[in-house]
Amino acid sequence: MNAAKGLEEQLPGTRSNGATVIATIFKFQSLFGLVAVFILATILDPETFPRPDNLLDVVRASAENGILAVGMTMVILIGGIDLSVGSVLGMASVGISVLLAQSGFGMWPAIICVLGVGLVFGILQGIANARFKIQAFIVTLAGMQVARGIARIWSGGQGVSITYQSQGGPVSDAFAFIGGKTFGGTVPIPAIVFIVIAVLAALFLRFTTFSRHVYAIGGNEKAARLSGVPVLWTKILVFGICGLLAALAGIVHAGQLNNGDPNDGQTYELDAIAAVVIGGASLTGGRGGVLGTVAGALLVGVLRNILALRGVNSDLQLIIIGLVIVLTAGLQLLRPASMRA
Amino acid sequence: MLDTLSGAALALQKSITRSVGELMGNETDGGVPLVAMAGISKSYGGAQACVEVDFAIRAGQVHALLGENGAGKSTLMKVLSGDITDYTGTIHIGGEPRRFARPADAQHAGIAMIHQELDLVPALSVAENVYLGREPRTRLGTADFGAMVDGTAALLERTGIPIDPRRAVEQLRTGEQQLVIIAKALALDARVLIMDEPTSALSSHEVEQLFGVVSELRAAGVGIVYISHRMDEIGRIADVATVLRNGSVVKEFDVGSMTSEQASEAMVGRKVEALFTHESVAREAELLEVGELRLSRKRPVPGRRDPRGISLRVHAGEIVGLAGLLGAGRTELLQTLYGVGAKGRLHGRILLNGKEYRPSGVRNAMASGIAYVPEDRRIEGLSLDHSVTANSVLSTLSTIAWNGFLRGGSERDAAARMVERLGVKTASVRTAVGALSGGNQQKVVLGRNLVTEPKLLLLDEPTRGVDIGAKAEIYTLLTEAAKQGLGVLLASSELAELIGVCDRVVVLRDGVSVREMSTARLGEAELLAVSMGAASLDESRGEDG
Amino acid sequence: MSVRKIGTMAAATACTLALIAGCGTTTSADKGSSGAPQQQPKCGGPNGKYKIGVSQANVAEPYRERMDEDIKKYAKKLLPQVTDVDVQDGQQNNAKQRDDVNNFITKKVDLLIISPNEAAPLTQAVKDAYNKGIPVIVLDRKVNGDQYTSFIGGDNKDIGKQAGQFVASKLLTSGGKVGEIRGLDGSTPAKERSDGFKEGIQGKKIDVVESQSGEWVRDKAQQKAEAMFKAHPDIQVMFAQGDPMAEGAYLAAQSAGLKNVKFVGIDGLPIPSGGIKAVEAGRLAATFVYPTGGKEAIEAAKKFLVDCKPVPKNQTLPTQQVTKENAAQVYTKLNQG
């Protein structure tokens, strides 16, 4: 049972012996929320919802948001925010499409190149935030515009479609794998990418000194600095990782739609933030974890799925999902005082 | 000890003429008390915070509330100020039974709590803060700033607070801000003032100013609850004292007939061994030499007193105190040595173990064997939400990790060793550090620094807000570390601490080291006098700015 | 078992559930590229009961809102066998719309009507539905390839051309200066309407002095038109590719004090805030109806599901020119159905 160790990554080792049921529920609120919504959905639609293909499609549909949210979790853990991820996703989806369909890149060079662009973009934002002390909100608000602009220029303002060699286009069929399914055509690749990233990030946050620095900065930046934590580098790297993951999500996006559109990914940053918040992280930093975030992203995914399956009006869906976000955020206020310290 | 101090203070500050003894007889025993709390009990979950507590506040009386952290002082005062509503027992205000549903009700009844955290709006002026939320209006319906300034000026005049009502609160020093809060409470017709550790962030000079105001208020018939850990202050300012332990009243004193030892004993529940155990050791090798240290900056920042000429030495095994008023540059010196001071050019020399040392950042300082315990553990020392483990291993992660990877449990083991070594009282190493008492929080900060095995330890106000039991333990820890060859530079506003713990004291004034004294025969009054040497000069300069 | 362990169990369960659930299913991967669906759609005849899924690109646009309403209205009227019309809003987001289509596949709707946000990104989703045996009617914007049942839409190029001819023959008979406000750059209708318009005015001494994108919306168009009127106060006709943009340009002219400029729009929505009413009120000189296709989609659905007859692969809807003379009449007619 490897998940047992992953659980502790939420907050580096607070309380165990005296942990009450309530404390545990609050700590893993999104997980319990996910289970609750899951059960509710199964009751509401026992025929369609629990079908394996539907569940896998929920994971697939949550993959892009989930990958963005994992990166966002790290930024929020240091007390920052990254509003640029949606635009970086758009930029990366355009980038991979242009490189593959127009510039004649092979699949791996194109992927590495686009991931590199995301990483560098994130690092630059990190430098602006950590070195030049511009608030993360402002830096990434600007970054959001810049990435969108780059996406427009890179694509010439038009959607760039990916047509494969088997369809008479220029793109190697190998790339079709990203939007496809594996294990005999059952498991969507984006779902696998999402789960792999989530597991890696959870292990990373559990077993590295870097992660301790991340939590320490979010908990109290001044104290972290005085304790010898390399605050500057940690912050820059966290933004870099977030940019890298946003680019990865963009590649998955393009692979799924066979298209890179400069307008894609708008407001995705807000969905990612929502997943992190539902996951129980604190926007002031220092508290939260990948497990909660992943459960948060899946919770929203299951909710969207069941609402659509039940044919709930689209406008009403927006309201319901909004209420769920407020509700889970409000739950945090009910946390026992001892947990807030 | 108390005698010498109050003697010195009398000589220094004329406003204290209305001193303890005079007031006690006339005012304490008369009529209906302003507040009478009877049989107050309150529990959190299973833990009893207050058990059947009786407590009365009379007009014109300063009532000290004593007890270690967790003894129930804060809970009792939260009950009185309407913060806690689910208690049992009764409260009579001026003879009338009352039960407050919210803090605002208590305020309307004339009870004002002055929090340790200052509730002021930094960008607004003193007058605007005093009238916040009930601004007088002109005929046009706009806020009448003139009336606000006049009203505030009159109020400040009456209470003897020398602050310009037009100044922005953020430009004031902590002590002045505290006085503004008191003024604000008075503007709301407070008849009972609850002051929780009001002097913890004040310099000796500001403490005198505060005491002057307290005396004025007492004379005006205000009832004051005074919570403090500093026995010397209690002796000077309070009329009566109530000691709480484990949520119950264990003793009530007339302050005139109370000794510091009796009070400590009542608080701790056993005889307190001598607070200070330090004995000077033979001087070993010179560890730190600072010569004519000066920091020049392009743009000086108001309120920061960077080194302007500091010379001192610390030997291995020696504890050297840094004395001085608030704003004398003690914190700034420690920060500069640790490499986190203001940016600018450093002049003069710093020798560490005989080799030249240029402060350039935390990691450099740590590599050179310097550790630093900052002034305010809540702001600069700890991540309160995080566990004892996370907080105690932060500086030494690289030594427990393998190429950046941590084995499960390795941090917890390291933290457990630290907790054991320093005697930190915590339920578990996984408890959030914010749930510990102030003293134990301080031990975690200290422990995190000691496990880096430093050669030189820089301490800034290491026992602020720490109860008396933990204080003694911290002193013991320091003394033992020094015995093993650690050099310590300790900045403190507590004169008794400097004299009791340190081998020598260096007095700073305006960023300059003005005097070095051996503590062997040094009295607190003398140390205070030297620290304040240029107080009058300081004051006039402050008014210019 | 401690609370912690229970939490652990829950975590492990939730994390692995999806993976475990995945075992044992055999959904065939789609490799087909021929026009025929892999599973033949069933025709249930007049006694069947049908669920229709509608995947709308963006309900926030009045044109698309009207399309949804038309579909619902005519489904009630012409196809009583339909028990449920489930409309999902793609929120102008390709990925969201793809998820909506996937959910319709999972729900096994009997017919899918989709108005795609964009062609390329939704081709795969439409293909998936079609290959699962769900008849797919594509409205307004095409998808790539031929794996759908029927496409119904207007001819944007033709509409643009008719607008151009109208300007040349009715408004600027002896030539003149025209400003153009385009739709969102990169969208197919914007390009087609532009190309058609140019074709319509070709050789008539009409000069398009400036062309800007108003991104289909009124306020953007108003800003762009203000700037254009400043730079070219001699513009005589403003052609906007959408009625809301034409109205925005009208407002810009009003505030610039230009009373003689004529405005031509496209869309002609028969709603109170639509272009037909604007023509009737004299703010626009003309608009060209861009039909929603809602009625035609339901007619096709009826043919396919109830009458069990084939439907044409492509159906182009004609436009109608609306001027002051026929505005009231067209408005009434379109709202009668």
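Biologist: Into which domains is chain C divided?

Modeller: This is a predicted model, in which local features need pLDDT of at least 70 and side-chain atom pairs count only at pLDDT 80 or more, while totals for chains, interfaces and linings use all residues. Residues are numbered from 1 along each chain as its sequence is written, and chains are lettered from A and ligands numbered from 1 in the order in which they are written. Domain bounds come from an automatic or database domain assignment. Chain C has domain 1 (42–154 + 293–316) and domain 2 (156–292 + 322–336). Their centres, taken over C-alpha atoms, are separated by 30 Å.

Biologist: How many residues does the contact take from domain 1 and from domain 2 of chain C?

Modeller: Two residues are in contact if their C-beta atoms, placed from the backbone, lie within 7 Å. Nine residues of domain 1 of chain C and ten residues of domain 2 of chain C take part. On the domain 1 side, helix H2 (residues 62–78) of chain C gives the largest share, five residues. By class, that side of domain 1 of chain C has three nonpolar, three polar and three charged residues. Here Ala, Val, Leu, Ile, Met, Phe, Trp, Tyr, Cys and Pro count as nonpolar, Asp, Glu, Lys and Arg as charged, and the others, Gly among them, as polar.

Biologist: How many helices and strands are there in chain C?

Modeller: Helices (H or I, at least four residues) and strands (E, at least two) are DSSP runs, numbered from the N terminus. Chain C has eleven helices and twelve strands.

Biologist: In what order do the six strands of the open sheet in chain C stand?

Modeller: Strands of a sheet pair through backbone hydrogen bonds, either parallel or antiparallel. Two strands count as paired if DSSP finds at least two bridges between them. In chain C the order is E2-E1-E3-E4-E5-E11, with parallel pairing. Strand E2 (82–89) and strand E11 (314–317) of chain C are the edge strands, each pairing on one side only. From one strand to the next, the twist averages 15 degrees. Within this sheet, strand E1 (residues 50–56) and strand E3 (residues 111–115) of chain C are joined by five bridges, and Val54(C) stands opposite Ile113(C). E3(C) is joined to E4(C) by three bridges, with Ile137(C) as the partner of Ile113(C) in E4(C).

Biologist: Which residues of E4(C) are buried on one side and on the other?

Modeller: In a regular strand the side chains alternate between the two faces of the sheet. A residue is buried if 20 or more other C-beta atoms lie within 10 Å of its own, exposed if 12 or fewer, and partly exposed in between, with C-beta atoms placed from the backbone. Val136(C) and Val138(C) are buried on one side of E4(C), and Ile137(C) and Leu139(C) on the other. Helix H4 (residues 119–131) of chain C lies across E3 and strand E4 (136–139), at about 155 degrees to E4(C). Such angles run from 0 to 180 degrees between N-to-C directions, and axes are lines fitted to C-alpha atoms, for helices over the stretch in contact.

Biologist: How many residues of chain A are in contact with chain B?

Modeller: In chain A, 31 residues are in contact with 35 residues of chain B. Helix H10 (209–219) and helix H11 (221–226) of chain A each supply at least two residues of the chain A side. The largest share, six residues, comes from H10(A). That side of chain A has twelve nonpolar, 13 polar and six charged residues.

Biologist: Where is Asp267(C) placed, and what is its phi?

Modeller: Most residues other than glycine have a negative phi, and most peptide bonds are trans. Asp267(C) is in strand E9 (residues 262–267) of chain C. Its phi is positive, about 125 degrees, although Asp267(C) is not a glycine. Asp267(C) counts as buried because 27 C-beta neighbours lie inside 10 Å. Phe183(A) also has a positive phi, near 55 degrees, and its place is in the loop between strand E2 (181–182) and strand E3 (187–188) of chain A. With 13 other C-beta atoms within 10 Å, Phe183(A) is partly exposed.
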